[in-house]
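Q: Can you walk me through this structure? I'd like to go spot by spot.

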Amino acid sequence: MSIQRTAVIGSGLMGAGIAEVLAKSGLDVIVREINDEASAAGRARIEKSLARAVEKGKLDAQARDEAMGRLRFTTDIGELADRQLVIEAASENEAIKKSIFAELDTVVTDPDAIIASNTSSMPIIRFAQSTSRPERVLGVHFFNPAPVQPLVEIVSSVLTADSVRDSVTEFVAEVLGKNPIQAQDRPGFIVNALLIPYLCSAIRMLEAGFATKEDIDAGMVGGCAHPMGPIKLADMVGLDTCLYAAESIYRETGDPAAKPPVLLSRMVDGGLLGVKSGRGFYEY
Ligand code: 3HC
């Protein structure tokens, strides 16, 4: 199947980045949001990133305009009927995601369509079981910022068909130009199983007064050649996303390293979500 007609559910940090990647790859993209305000914010996010790509010399103005021309925003999920690939990138709430999968199952008419989730750590099988076609559901997990990070985790549940896994892997590599890796449907898959305990440890270090956030970040940038330190990275990922991922990994594995630090919970309760809200551990 040659995938041309795609859709992304949600245009937050990840949804907007994924929609941009799909549009830049020449695909027709519908972005579904819950209201016009959220659609406008998603569109602005994509425009800003495309402008930055032009500024950085990664894209010319014509390619930017063509990419924007391939994007259509809607609040009506019914418009996704003819889609061949839908990537769900709603917020990390299992109940919301399950209901989106159930809705997509009734709306998307093509029996060969593939329905994917960009969840950072939740069990893919639970979303698959919310549909009547679990063999056509899998995880396609991008990294933030999606237009820049080359990796995509392909996550097969115990019911994902091998043919679906293979065609999505090929699509990610050949059409999107990303580097796919194969992960099992386990908490945090590969990357977040390693990353989330690391981010939680850094926040615990800060919470305990062990070191300043600047020194923790400088330590990992200067000492280990990471492009950014863990406190700044947590702000960029979104503290709410970090919290939900940590809760989900901790709930299933009991790994004390993934236990969400109290400070992280308090900050999320306080609306301090990082870059996206203008303030997290740092101000933006
Ligand atoms: N579009 C296209 N390319 C862009 C771009 C854009 N909007 N913005 C930047 N770039 C390109 C630049 O041209 C540059 O390319 P080059 O290396 O070929 O010259 C490269 O991206 C880096 O850009 P900069 O050096 O200007 O650095 P920035 O400050 O713009 O961006 C960063 C920095 C890319 C965010 C870098 O700090 C980084 O990689 N940080 C770590 C990010 C990370 O770890 N992400 C994973 C998070 S975990 C996750 O997402 C999973 C989730 O489930 C929790």
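Q: Where is Phe 189 placed?
A: Phe 189 sits in the loop between strand 8 (179-184) and helix 7. Keep in mind that this is a predicted model.

Q: Is Phe 189 buried or exposed?
A: Phe 189 is buried, because its relative accessible area is 8% and buried means under 20%.

Q: What is phi of Phe 189 near?
A: Phi of Phe 189 is near 50°. That is a positive value in a residue other than glycine. Most residues other than glycine have a negative phi.

Q: And Ala 225, what is its phi near?
A: Phi of Ala 225 is near 60°, again positive, and Ala 225 is not a glycine. Ala 225 is found in the loop between helix 8 and helix 9.

Q: Is Ala 225 buried or exposed?
A: Ala 225 is exposed, with a relative accessible area of 67%. The cut-off for exposed is over 50%.

Q: Let's switch to the ligand. How many residues surround the ligand?
A: There are 19 residues around the ligand. The closest are Arg 52, Lys 56, Lys 58, His 141 and Asn 144.

Q: How do the residues of that shell divide into nonpolar, polar and charged?
A: The shell has 10 nonpolar, 6 polar and 3 charged residues.

Q: What is the distance from the ligand oxygen to the side chain of Arg 52?
A: An N or O atom in the Arg 52 side chain is 2.2 Å from an oxygen atom of the ligand. The side chain of Gln 149 also has an N or O atom 3.1 Å from a ligand oxygen. For Asn 144, a polar backbone atom is 2.7 Å from a nitrogen atom of the ligand.

Q: How much of the ligand's accessible area does the protein cover?
A: The protein covers 68% of the 1,100 Å² that the ligand has on its own.

Q: Which elements give two or more residues to the shell?
A: Those are helix 2 (36-55), helix 7 (191-207) and helix 9 (230-237).

Q: Back to Asn 144. What kind of peptide bond joins Asn 144 and Pro 145?
A: Asn 144 and Pro 145 are joined by a cis peptide bond, with omega about 0°. Most peptide bonds are trans. Pro 145 lies in the loop between strand 6 (137-142) and strand 7 (151-156).

Q: New topic: salt bridges. How many does the count come to?
A: The count comes to 17 salt bridges. One of them joins the side chains of Glu 94 and Arg 126, at 3.1 Å from N to O.

Q: Which parts does that pair tie together?
A: Glu 94 lies in helix 4 (residues 94-107) and Arg 126 in helix 5 (residues 124-128), so the pair ties together parts 32 residues apart in sequence. Glu 94 is buried, at 19% relative accessible area. Arg 126 is partly exposed, at 33%.

Q: Where is Arg 83, and is Arg 83 buried or exposed?
A: Arg 83 is in the loop between strand 3 (71-74) and strand 4 (85-88). Arg 83 counts as buried, at 2% relative accessibility.

Q: What does the Arg 83 side chain contact?
A: A polar contact of 2.7 Å joins the side chains of Arg 83 and Asp 28. A polar atom of the Arg 83 side chain also lies 2.8 Å from the backbone oxygen of Thr 6.

Q: Last topic. How many aromatic pairs does the structure hold?
A: The structure holds 1 aromatic pair. Phe 101 and Phe 127 form that pair, and the pair is stacked. The centres are 5.3 Å apart, with 15° between the planes.

Q: Why does that count as stacked?
A: The angle between the planes is 15°, and planes under 30 degrees apart count as stacked.

Q: Where in the chain are Phe 101 and Phe 127?
A: Phe 101 is in helix 4 and Phe 127 is in helix 5. The pair links distant parts of the chain, 26 residues apart.

Q: Are Phe 101 and Phe 127 buried or exposed?
A: Phe 101 is buried, with a relative accessible area of 0%. Phe 127 counts as buried at 0% too.

Definitions and conventions: Residues are numbered from 1 along each chain as its sequence is written. This is a predicted model: local features need pLDDT of at least 70, side-chain atom pairs count only at pLDDT 80 or more; totals for chains, interfaces and linings use all residues. Side-chain values use heavy atoms; hydrogens and water are left out. A residue is near a molecule or strand if one of its heavy atoms lies within 4 Å of it. A polar contact is a pair of N or O atoms within 3.5 Å; within protein, one must be able to donate a hydrogen and the other to accept it, and residues adjacent in sequence count only if both atoms are side-chain atoms. Accessible areas come from the Shrake-Rupley method with a 1.4 Å probe; for residues, only the protein chains shown count as cover. Helices (H or I, at least four residues) and strands (E, at least two) are DSSP runs, numbered from the N terminus. Ala, Val, Leu, Ile, Met, Phe, Trp, Tyr, Cys and Pro count as nonpolar, Asp, Glu, Lys and Arg as charged, and the others, Gly among them, as polar. A salt bridge is a side-chain nitrogen of Lys or Arg within 4 Å of a carboxyl oxygen of Asp or Glu. Buried means under 20% relative accessible area, exposed over 50%, partly exposed in between (1.4 Å probe, protein chains only). Rings of Phe, Tyr and Trp (its six-membered ring) pair if their centres lie within 6.5 Å; planes under 30 degrees apart count as stacked, over 60 as edge-to-face and the rest as tilted.
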